[in-house]
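I am opening a notebook page on this structure, and I mean to look up the ligand and its surroundings before I turn to the backbone. I will write down what I find as I go.

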Amino acid sequence: MKVGRKHYRSIWFDTETRRVRIIDQRWLPHEFRIADLVTRSDFVTAIADMWVRGAPLIGATAAHAIAEDMKRDPSDSNLDAAWEELHATRPTAINLRWALDGMRALLRPLPEAERAAAAHRRALEICDDDVEINRNIGLHGLETIRRIASRKKPGEAVNILTHCNAGWIATVDWGTATSPMYHAHEAGIAIHVWVDETRPRNQGAQLTAWELGAHGIPHRLVVDNAGGHLMQRGQVDMVIVGTDRTTARGDVCNKIGTYLKALAAHDNGVPFYVALPSPTIDWSVHDGIAEIPIEERHEREVTHVQGRLDDGRIAAVQISPEGTEAGNPAFDVTPARLVTGLITERGVCRASSEGLAALFPECAA
Ligand code: MRU
């Protein structure tokens, strides 16, 4: 998508410098900074400290990390060490393990001399595939938005609520939850997006609002607790969120607070959709609440808030009393029964074993 007039992906291989480059998301929306990732520890830090974040982008970054590490040392032991270190960065997004397992399965049978080139090709391919997958999610989601739009009065916008950032900046391009929005906007369908701020890291306020604003999509930022109220007033036509891991039976793990939005949507008869690329489906787990590890992040993310001061500096300020202990579970699980539909690259299905198996028979088997 565009930043200013230039098209960017969130991660790319710069053919001049021969380095992996990322948009360093820690500074958005106030500063647009690009960072080079070179060593394994650069990649580990970038994922763990959320210079890059969002399940698909975490996977793409891990693939590039393996590729760069293979250039330095293509041995089995280094491959295993890289797998371990990268895998430990963020436990919930399954795209991380999907990318790491895929890279290792590809490289293991190859002679060491061929590994670096093969890993590099595959990392680029994972990125290109992600763009194509998300474009298709957008086209399928567009049809769902179009259907809802057809029930509105002429000229009335479809009000969509989203949580966190499942936007282009959380993927390689297009986003998952935002891709239907971008496609609807391009198709001339009037939409308006309620953007949850998404405490504690404020991905909605900082990233989703930045993205939608840059692409001229009407939106309003709301505090996380506003969603239920807006739904009671009939001001939300649908919810679309992303996911870090969806189970084989359709339970959806996503940014903390998603579950409460799903409960409110259910209570108010608002359709609740989840947009996801197939690498986000964990076919090995069924019960999301019991089986998905939930990342617990640093309490400073709760006790402090980062923003721009009046003098332009970006700073974190403390909002709770000195010494307050904080809990910071980063994700929650929405049971499949609360999900109206899963928007995938192959179409929209029910959040159920049967729904997913019908779209992805080869994986379900
Ligand atoms: O902690 P984050 O910012 O990585 O969490 C991101 C989300 O929860 C997204 O909704 C999810 O990864 C899907 S991104 C297309």
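**Around the ligand**

I sorted the shell around the ligand by class, and I found seven nonpolar, seven polar and four charged residues in the shell. I note at the start that I am working with a predicted model, so I treat each value here as computed from that model.

I then asked myself which residues come nearest to the ligand. Of the 18 residues around the ligand, the nearest are Arg53, Arg90, Gln203, Asn254 and Lys255.

Next I looked up some individual distances to oxygen atoms of the ligand. For Lys255, I read 2.7 Å between an N or O atom in its side chain and an oxygen atom of the ligand. Gly54 takes part through its backbone, where a polar atom is 2.9 Å from an oxygen atom of the ligand. For Ala55, I found a backbone N or O atom that lies 2.9 Å from an oxygen atom of the ligand. I counted these pairs as polar contacts because a pair of N or O atoms has to lie within 3.5 Å to qualify.

I also checked how much of the ligand the protein covers: on its own the ligand has 410 Å² of accessible area, and the protein covers 100% of that area.

**Where the ligand sits**

I looked for the place of the ligand among the cavities, and I found that the ligand sits in the largest cavity. The elements that give two or more residues to the shell around the ligand are α2 (55-72) and β11 (252-255). When I turned to the domains, I saw that domain 1 (2-129) and domain 2 (141-364) each give at least three residues to this shell.

**Backbone entries**

Before reading the backbone, I reminded myself that most residues other than glycine have a negative phi, and that most peptide bonds are trans. With that in mind, I noted the peptide bond from Leu28 to Pro29, which is cis with omega near 5°, and I placed Pro29 in the loop between β4 (19-23) and β5 (34-37).

I found a cis peptide bond between Arg199 and Pro200 as well, with omega about 10°; Pro200 is in the loop between β7 (191-196) and α7 (203-214).

My last entry is Met50, a residue other than glycine whose phi is positive, near 65°. I located Met50 in the loop between α1 (40-48) and α2.

Key. Residues numbered from 1 in each chain as written. Predicted model: local features only at pLDDT ≥ 70, side-chain atom pairs only at ≥ 80, totals over all residues. Heavy atoms only, no water. Near = heavy atom within 4 Å. Polar contact = N/O pair within 3.5 Å; in protein donor to acceptor, adjacent residues only side chain to side chain. Areas by Shrake-Rupley, 256 points an atom, 1.4 Å probe, with all protein chains shown as cover. 1 Å grid on protein atoms, 1.4 Å probe; cavity = no way out; pocket = protein on both sides within 12 Å on 5 of 7 lines; lining within 4 Å. Sits in = over half its atoms within 2 Å of the grid points. Helix = DSSP H or I, 4+ residues; strand = E, 2+ residues; numbered from the N terminus. Nonpolar A, V, L, I, M, F, W, Y, C, P; charged D, E, K, R; others polar. Domains from an automatic or database assignment.
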